[in-house]
Amino acid sequence: MRVAGFGFRSSARLASLQAALTLAGGRVDAVATVASKAAGLQPLADALNLPLIAVTQAALAAHDRPGSDTVRAHYHTGSVAESAALAAAGPGAILIIQRTASPDGKAVAAIAEGPA
């Protein structure tokens, strides 16, 4: 299963989320983000007719990634996108596309692949 994980600013709109996913370049089976931001990702899940996986902060921290110190202070990982993708794709998942930002810088997507 391929999962696109997302990190995004509260001002991100559907176009930003779509752009980040397009630039990450891949077909996915689900989208994921931290549970506290899941409502902001729902429009993309609906547009793509994909399931949305809301990942707990504990699950993010279990897949700690390098990245932003600001993000780390809030979410206990340096990359919400990468950590959410790995957590949602399941045990043994690997990151196949590192975080890729939308042109406006409001959304970031990463793709992980895990067992079905």
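Trainee: In which sense do strand β4 and strand β5 pair, and over how many bridges?

Mentor: Please keep in mind that this model is predicted. For a pair of strands, one looks at the sense in which they run and at the bridges between them. Strand β4, residues 94–101, pairs with strand β5, residues 107–113, in the antiparallel sense, and five bridges join them. Within this pair, I94 stands opposite E113 of β5. The hairpin of β4 and β5 has five residues between the strands, and G105 there takes a positive phi near 75°.

Trainee: Which strand is joined to β2, and how do the two run?

Mentor: Strand β2 (residues 30–34) is joined to strand β3 (residues 52–55) by four bridges, and these strands run parallel. To get from β2 to β3, the chain passes through helix α2, residues 38–48, in a right-handed β-α-β crossover.

Trainee: What sits over the ring of F8?

Mentor: The charged end of K37 does, at 4.7 Å from the centre of that ring. As for aromatic pairs, whose ring centres must lie within 6.5 Å, the count is zero.

Trainee: Which residues lie nearest the centre of the largest pocket?

Mentor: They are G7, F8, R9, V71 and V80, out of 19 lining residues. Two or more lining residues come from each of β1 (2–8), α4 (69–75), α5 (80–89) and β5. Helix α4 gives the most, with four residues. By class, the lining has seven nonpolar, eight polar and four charged residues.

Note on methods:
Residues numbered from 1 in each chain as written. Predicted model: local features only at pLDDT ≥ 70, side-chain atom pairs only at ≥ 80, totals over all residues. Heavy atoms only, no water. Pairing = 2+ DSSP bridges. Right-handed = clockwise from strand over helix to strand, strands pointing away. Phe/Tyr/Trp six-rings, centres within 6.5 Å; stacked < 30°, edge-to-face > 60°. Lys NZ or Arg CZ within 6 Å of the ring centre and 35° of its normal. 1 Å grid on protein atoms, 1.4 Å probe; cavity = no way out; pocket = protein on both sides within 12 Å on 5 of 7 lines; lining within 4 Å. Nonpolar A, V, L, I, M, F, W, Y, C, P; charged D, E, K, R; others polar.
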